[in-house]
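Take a look at the sequence and the model below.

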Amino acid sequence: MKLMKWFIMLVFVGYLFLWVITPTYVFKKTWLVRVRAHTKTTYFGTQGPTMLLYTLPVVFMAVVGAVYLHLRKKANRNRDEGEKEATDNNLNIWRRPMIIKGLGIVTKIELAFFFMFIVLLVWSFVTYIHLSFAKITPQSAALYGEKIWEAKLAAVGLQFGLVGNICLAFLFFPVIRGSSILPLFGLTSEASVKYHIWLGHIVMTLFTSHGVCYILLWIITKQTSELLKWAKTDISVVAGEISLVAGLIMWATTFPKIRRKMFEIFFYAHHFYIVFIIFFVFHVGISYTSMMLPGFFLFLVDRFLRFLQSRRNVRLISSRVLPCETLELNFAKSQGLNYTPTSIIFINIPSISKAQWHPFTVTSSSNLEHEKLSVMIKGEGSWSKKLYQVLSSPNPIDQLDISVEGPYGPISTNFLRHDMLVMVSGGSGITPFISIFRELVFTTEILKSKAPKILLISAFKDSSDLTMLELLLPTSGSPIEFSKLELQIEAYVTREKGTMTNDKKPVRTVWLKPKSSDGPITPILGPNGWLWLAAIISCSFAGFLLSMGLVTRFYIYPIDKNTYKVYSYGSRGALNMLLICVSIIITCGAGFWWNKNKNAMESKQIQNMEGATPAGSPSLLFNMDRELESLPQQSIFQSTNVHFGERPDLKRMLFEQKESSVGVLVCGPKKMRHEVANICSSGLASNLHFESISFSW
């Protein structure tokens, strides 16, 4: 497996090197000419060499990466890696967090890669400009009826577009939720969204500059008729304008103030990416688009698989209703579905909104709870508040249609490598720590292995929020002990002064009656999902190549003869996009339906979850007393110190930990995250190791 990973990394380095040399004269006039001479055929034309150089390496990495992840999963190395991984002081220095204005919390490794990427863009732009300006002379400008400054302005505009294409080539990789490439670098799609944001801003800055340069040139030179030009076998200006407008609509809604206050506008506006990509292909042609194709191709595979998974309603067993406007939803899941702590699941409830999908961090442990998956939802937005009202009413509904996508999470976690874990949360930021805690309970009580000590520092606004601590342990099944796990909880109620009272509202459990058509949450491609993904990617890409080759050879070539001067760029692009979509739909559909039938056999063995409630019991059960009387819940309360009217002194509490390796995790408001990151990066305590986690609630 190590050899496979190193081989993938070698291909990745080669792929990056290809982008470094792409702007150079040697590549264009020597290497690319030789490649085209040996690979240009009547089946693929000039598109073939481009796909060979820019698309095939990424598809290869995705396929081999999926096989690698399958072998790694089968070897069950997740837990062992956490125990065996040594702490490298030099590497830890690079992992220390930094707070950069505009970028947020980043590690030195991330900052170094970001800097190198910017260097790549600058290098490409300067090289393109140098080569293009060298060709601009009074004679060459006069040949096209231009002045030198006009030719240079057009060249600058063109180079902005070419450099923007580099960013576009990487733009979709961070948002592929089921990616087989991101885990190779220890990344998840949720944690990589920030890279997508960075790339998106750079892409739109460059493409906007590209458009502005040409618009200014045509206005100044009184050639505004160019703005309405749709060339049959050349660059289509109108298509580029439509693509740019679609991109600007998306870009305008991504800025924090708009995204946070008007999320629905941001959500719906982002669907303009379809218009953006389609007209981008029409603008530059499919042959050139092949340079940016691999990221979008893999995104389409992932997107269609998610679409197929979301078509079926899942079985909601019960909901724990907390007095702090918080819910814990408990779903049935197949035993073959395994996931890691801090995984994310996307939920859609048509009765609240048919279009909205919201991500939530999974709070359950697939090792500890084999037939149940849980999420915690805090009523902080309009969608979640409506859901809380539905389930907390005196006469709650007994059926709720829900669809899900996921779960998605890290391929492994390395929390066990630390001697101690300090988990700092603010409000509902405790969510990802619930799954970590339950996983550590499994480690100590079931596997009988050693787990790190746990210090949970939680800040809440009101005392009613303290009931979130009761979600640390599941309620279903036999009582779960954690006597071997060293736990200390320091809870801070910041807006109240006083002591604990017994007049708080009880936690309630609402049992629901799923429909017969509802099924448990299952792995979208079965237990061997990574192998199926490798097969789908390779077969869909091969199917596209085969169909594209046949269409080109027997339909386009007789018309165009590979001159690219007869057959329309737009028609060629439309045909290629259609063939890509058809190949993906066929292969994804076949893989999904095969595994769906296998999962259906397992689902029949899962009893109707209505039987989970005692016979004749009401649909609304008040089980607070039973929970309080259980020994595990008593242990939680005994391990908790509650502080009223104050905030935690995080600097003091972190520096007090003397274990040789202390993993520090934080989830909460931006100010809290930055405070913890600053403490860990100060260098005053070398044993503090800031751990990055992804979360949603």
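This is a predicted model: local features need pLDDT of at least 70, side-chain atom pairs count only at pLDDT 80 or more; totals for chains, interfaces and linings use all residues.

Two packed helices are described by the angle between their axes and the distance between the axes. The two pairs are set out here.

| Helix pair | Angle between axes | Distance between axes |
|---|---|---|
| α1 (residues 2–21) and α3 (residues 47–74) | about 160° | 10 Å |
| α15 (residues 293–310) and α18 (residues 529–560) | about 120° | 11 Å |

Start with α1 and α3. Their angle is about 160°, and over 145 degrees counts as roughly antiparallel. The two helices are therefore roughly antiparallel to each other. Helix α1 passes α3 in a left-handed crossing. On the α1 side, the contact includes Met4, Phe7, Ile8, Val11, Phe12 and Trp19. On the α3 side, it includes Leu53, Pro57, Phe60, Met61, Val64 and Leu71. By class, the contact residues of α1 with α3 are 18 nonpolar, one polar and one charged.

Now α15 and α18. With an angle of about 120° between them, α15 is oblique to α18. Helix α15 passes α18 in a right-handed crossing. Leu293, Phe297, Leu298, Val301 and Leu305 of α15 meet Leu533, Ile536, Ile537, Ser540, Phe541 and Phe544 of α18. This contact of α15 with α18 divides into ten nonpolar residues, one polar and no charged.

Helix α18 also holds Leu550. Leu550 has a relative accessible area of 41%, so it is partly exposed. In sequence, Leu550 and Tyr43 are 507 residues apart. In space, their C-alpha atoms are 6.5 Å apart.

Is helix α8 (residues 148–171) enclosed or open? Of its 24 residues, 19 are buried, so α8 is largely enclosed by the rest of the structure. At 1.5 Å a residue, α8 should span 34 Å, and its end C-alpha atoms are 35 Å apart, which agrees.

The backbone has some points to check. Most residues other than glycine have a negative phi, and most peptide bonds are trans. Lys222 is not a glycine, yet it has a positive phi of about 55°. Lys222 sits in the loop between α9 (189–220) and α10 (237–252). With a relative accessible area of 75%, Lys222 is exposed. Glu325, also not a glycine, has a positive phi of about 55°. Glu325 lies in the loop between β3 (316–322) and β4 (326–332). Its relative accessible area is 38%, so Glu325 is partly exposed. Gly406 and Pro407 are joined by a cis peptide bond, with omega about 10°. Pro407 belongs to strand β8 (residues 403–408).

Note on methods. Residues are numbered from 1 along each chain as its sequence is written. Side-chain values use heavy atoms; hydrogens and water are left out. Axes are lines fitted to C-alpha atoms, for helices over the stretch in contact, and angles run from 0 to 180 degrees between N-to-C directions. Helices (H or I, at least four residues) and strands (E, at least two) are DSSP runs, numbered from the N terminus. Angles under 35 degrees count as roughly parallel, over 145 as roughly antiparallel, 65 to 115 as roughly perpendicular and the rest as oblique. A crossing is left-handed if the near helix is turned anticlockwise from the far one by less than a right angle, and right-handed if clockwise. Contact means heavy atoms within 4.5 Å. Ala, Val, Leu, Ile, Met, Phe, Trp, Tyr, Cys and Pro count as nonpolar, Asp, Glu, Lys and Arg as charged, and the others, Gly among them, as polar. The expected span of a helix is 1.5 Å times one less than its number of residues. Buried means under 20% relative accessible area, exposed over 50%, partly exposed in between (1.4 Å probe, protein chains only).
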